[in-house]
There are 2 protein chains.
Amino acid sequence: MKVYNFSAGPSILADWVKEEAQRQFVDYCGCGMSVVEMSHRSAQYAPIHQEAKTLLKELMNVPDDYEILFLQGGASTQFAMVPLNLMPSGKADYVLTGHFAEKALSEAQKYGDAVAVGSSREAGYTYIPDVDSLACRKEADYLHITSNNTIFGTHYTRYPKNKCLVADMSSEILSAPVDVSQFGLIYAGAQKNIAPAGVTIVIVRKDLLGNASPVCPTMLDYAVHAKADSLYNTPPVFCIYMAMLTFRWLKSLGGLQTMAEINRDKAAMLYDYIDESGFYVNPVQKEYRSLMNVPFVTPNKDLDAQFVKEAAAQGLVSLKGHRLVGGMRASIYNAMPVEGVKSLVAFMQKFAKEHRND
Amino acid sequence: MKVYNFSAGPSILADWVKEEAQRQFVDYCGCGMSVVEMSHRSAQYAPIHQEAKTLLKELMNVPDDYEILFLQGGASTQFAMVPLNLMPSGKADYVLTGHFAEKALSEAQKYGDAVAVGSSREAGYTYIPDVDSLACRKEADYLHITSNNTIFGTHYTRYPKNKCLVADMSSEILSAPVDVSQFGLIYAGAQKNIAPAGVTIVIVRKDLLGNASPVCPTMLDYAVHAKADSLYNTPPVFCIYMAMLTFRWLKSLGGLQTMAEINRDKAAMLYDYIDESGFYVNPVQKEYRSLMNVPFVTPNKDLDAQFVKEAAAQGLVSLKGHRLVGGMRASIYNAMPVEGVKSLVAFMQKFAKEHRND
C-alpha cells in the first residue's frame, strides 16, 4: 500500500532522495565505502560538503556576506546559541506565536533581559501579531521570530523590519523564496523539510560573529564553526549528504519559486475543502495560515481519534495533532506530492459523509 | 575492488549493518516509510529507540542506577557538558594523554578550577601516566580521562579509582568489556565504533544528575534528556537506528568478550609485524598500545606519503596519520575484519621489501 506520511517532523523526504541514498548506501560512487563511514576530511566527503553549501546558497540566493553552517542539536540548541552569540548588550526581543517561540524566549531569559514584544497567546496562537506594531526596544540586540508555527499552523506573510531579525524557519525553510538580506540569522532543524534529523542549518550575517558570551560553550559558538567551515569537529556527514540530495532535487524541480507555487496549490486544496466542508474546522485567521502545517478538527474528539485511526488504515499516516491543540495536523512539506493531499481530501470527504450526523 | 577503510572516524561499519540498513532504507519493515522520515514519537520508531537502549545496557552490562542517553554534538560537546553538569563545587581534575584530553581540560577551565593531575605530554603522549600516582585533589568533583587516544594510539589498561571517574571512550567503546560501575559518566561519539556521525552515547550514574550550572543551556543538561528518555527534542533517529543494528550485530557475534579477543588478535598481528619489521616504528610504550588505533612511520616522510598513496591504490584507504603525529594510522575498530588487517600487513611487508634500502 502506498503510504503518505503527514508527520510534522521527522517527516517525508522525496522519493528520489530516498532512492538515490539507498542505491549508493553501501558503495558511494564506486569508492567501496558508504557515506556513513567516510572520514569528514576525506577526498570523497569534501565535494558533498561543498555541494550542499553551494546548492543551498544558490536555492536561497544567500548573499556573500552570510555564512552557511551545518550544526547539530536542532532548533532547541539554537534557542541557546542565539542569545549566547548575538546578545552582547544583554537585551533581546521575542515575538510569541507558539510553543517553540515560548521555549526560545525562556532560554534567552537565562542569559539576559529577553522579553516578548508581541504575542498572540491570548487567542490560542491563531494569528501572527501585526509586524508593524511590535513593542521593540531600540537597545535590544535582535528580534526573534518563529516564521512558521508547526503546532498551531500559522506563518508570517511579511517580516518585521529590524537591524537584526532572527528567524526560526525549521518548518518552512525552502518552501518559498525568502529575502535572506532581511535577516541577521536564520536557523532550521533540517528534519522537517530537508533531511533526516541530526543537522541544523544556520545562515548568519558575518558581521554578527565573534561576540559570543564568555560562558558560551565552544561548540555553541557560531564563529568557531564558521572559521572551520562546519568541520570544527565531526559533522553529521550522512545528514548533510541527504540535505545535499534534497537540494539537488529542489533545483531539478525549478527551485523555490516553483516550490512556492506547488505549496500554495496544495495548501489551498486542503484549506478550501476544510472551509467548505461544514464539518472540519481550522481555527487560524485566513491570512496567517501556514502552507506547511494544517491543523483541523472534526465536530468532536471521539471522531478525531477515529479519523486518525481510519486514515492510517488507508495509508494516510501521522495525522494526529500535537497534544497542545489536539485534533489532526497534516504536514504537507515540499516532499508531499499533490497526490498525497488529494488522497487526504478524498478521505476527509468520505469520512465527513459517513459521520456528518453522528 | 574490495576496500578496507582504516579511517579513525567516521569509520568502517559492519557489512551486515550497512546491508540491513540499505535493504530497509526506503520501506522499513513494510511500513511504507524510511527510518529517516519517521516521527520520533511514532509507533514505528519507539521500538527502535528502546531496543538500542536495551541492547547497549545488555552488551555493556550497565547497572540499573545508570541512565543511557542518546545525544548530539559529539565528544566536543561533552567537553562542555561534563563541567556544566558535574562540577557543583567548581573543581575538577584531568589527565592529559593527548589532543582531545587537552581540549576537554581547556573547555572545563571556562567553567571552573580544572587542572591537569597527570600528563604524558612531555613524552609526546606515548604512554599513560601511572593511575596510582595522579595528583588528584580530594575536593575535585570528578576526574576526567580519555580512555583511548585516537591520535597517539594509547589506551588505559586499568583505570584510576575515583568517586566520580569520567571517561571519554569515543574510540574504544564496545571494543572490550568494561566495568561501568567504576565510572560516574562514560561518553562516546558514536562515529568510531558504533554508527554514523551524529549521535553521542552517554552513560551516567543517576545520582549525578540535577546539578547543572545556572549557565548550562537546557540542551546541555543531562537531567533534561534523562527525564525525557532522550526524546526531549527530535533525536538523531537514523543514527540511533544504525547504532541499534550495530548492537544487534555485536550481540550475534557473542558480545564484548568475543570482540575483545578478536581485537587483541588483530592488534597483535599488526604490532608484532611492526616491531619485527626493522622498517616501521610505533613509538608507544608497549603496555599502553591502543587496540583500536595503530600509528606507525616508515624511515622517512617521503616514504610515508608514498605508502599512503600506494596502499590506497590497493584498496587500503584512509591510512594517513593525524597531522599532529604524521606517518600512518590504521584504525582497526570492531567492524574491521581480520582479513583487512592481514591485507594491510601483507602490503606493509611488500612495501618494506621494496624500500628497505631507499
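Start your tour by selecting Asp229(A), which counts as partly exposed because 16 C-beta neighbours lie inside 10 Å. The cut-offs for that word are simple: a residue is buried if 20 or more other C-beta atoms lie within 10 Å of its own, exposed if 12 or fewer, and partly exposed in between, with C-beta atoms placed from the backbone. Asp229(A) sits in the loop between helix H5 (222–227) and H6 of chain A. Helices (H or I, at least four residues) and strands (E, at least two) are DSSP runs, numbered from the N terminus. Check the backbone here too: phi of Asp229(A) is near 55 degrees, a positive value in a residue other than glycine.

Before you go on, two notes on what is on your screen. This is a predicted model, in which local features need pLDDT of at least 70 and side-chain atom pairs count only at pLDDT 80 or more, while totals for chains, interfaces and linings use all residues. Residues are numbered from 1 along each chain as its sequence is written, and chains are lettered from A and ligands numbered from 1 in the order in which they are written.

**Backbone stops**

Select Leu174(A) next, in the loop between strand S8 (165–168) and strand S9 (185–189) of chain A. Its phi is near 70 degrees, again a positive value in a residue other than glycine. Is Leu174(A) buried or exposed? Leu174(A) counts as buried, because it has 27 C-beta neighbours inside 10 Å.

Now go to Gly9(A) and Pro10(A): the peptide bond from Gly9(A) to Pro10(A) is cis, with omega near -10 degrees. Pro10(A) lies in the loop between strand S1 (4–5) and H1 of chain A. Jump across to chain B, where the peptide bond from Gly9(B) to Pro10(B) is cis as well, with omega near -10 degrees. Pro10(B) is in the loop between strand S1 (4–5) and H1 of chain B. As background for these stops, most residues other than glycine have a negative phi, and most peptide bonds are trans.

**A helix pair in chain A**

Colour H1(A) and H6(A). Their axes come within 9 Å and cross at roughly 135 degrees. The axes are lines fitted to C-alpha atoms, for helices over the stretch in contact, and angles run from 0 to 180 degrees between N-to-C directions. That angle makes H1(A) oblique to H6(A); angles under 35 degrees count as roughly parallel, over 145 as roughly antiparallel, 65 to 115 as roughly perpendicular and the rest as oblique.

Show side chains for Trp16(A), Val17(A), Glu20(A) and Ala21(A) in H1(A), which meet Met242(A), Leu245(A), Thr246(A) and Trp249(A) in H6(A). Two residues are in contact if their C-beta atoms, placed from the backbone, lie within 7 Å. By class, this contact of H1(A) with H6(A) has six nonpolar, one polar and one charged residues. Ala, Val, Leu, Ile, Met, Phe, Trp, Tyr, Cys and Pro count as nonpolar, Asp, Glu, Lys and Arg as charged, and the others, Gly among them, as polar.

**Where the chains meet**

Display both chains: 51 residues of chain A are in contact with 51 residues of chain B. The elements that give two or more residues to chain A's side are helix H1 (15–23), helix H3 (74–86) and helix H6 (237–253) of chain A. The residues on that side divide into 24 nonpolar, 23 polar and four charged.

**Into the core**

Which residues have the most contacts inside the largest nonpolar core? They are Leu185(A), Ala243(A), Leu185(B) and Ala243(B), in a core of 224 residues. A nonpolar core is a set of buried Ala, Val, Leu, Ile, Met, Phe, Trp, Tyr and Cys residues joined through C-beta atoms within 7 Å. Centre on Leu185(B): leaving aside neighbours within four places in sequence, its contacts include Val82(B), Leu86(B), Val166(B) and Val202(B).

Select Ala140(B), in the loop between strand S4 (113–119) and strand S5 (143–146) of chain B. Ala140(B) is buried, with 23 other C-beta atoms within 10 Å. Ala140(B) and Lys91(B) are 49 residues apart in sequence, yet 4.6 Å apart in space, C-alpha to C-alpha. Not counting residues up to four places away in sequence, Ala140(B) touches Lys91(B), Ala92(B) and Asp93(B).

Finish at Pro299(A), in the loop between strand S11 (293–296) and helix H8 (301–313) of chain A. Pro299(A) counts as partly exposed, with 15 C-beta neighbours inside 10 Å. Pro299(A) and Tyr280(A) are 19 residues apart in sequence and 6.9 Å apart in space, C-alpha to C-alpha.
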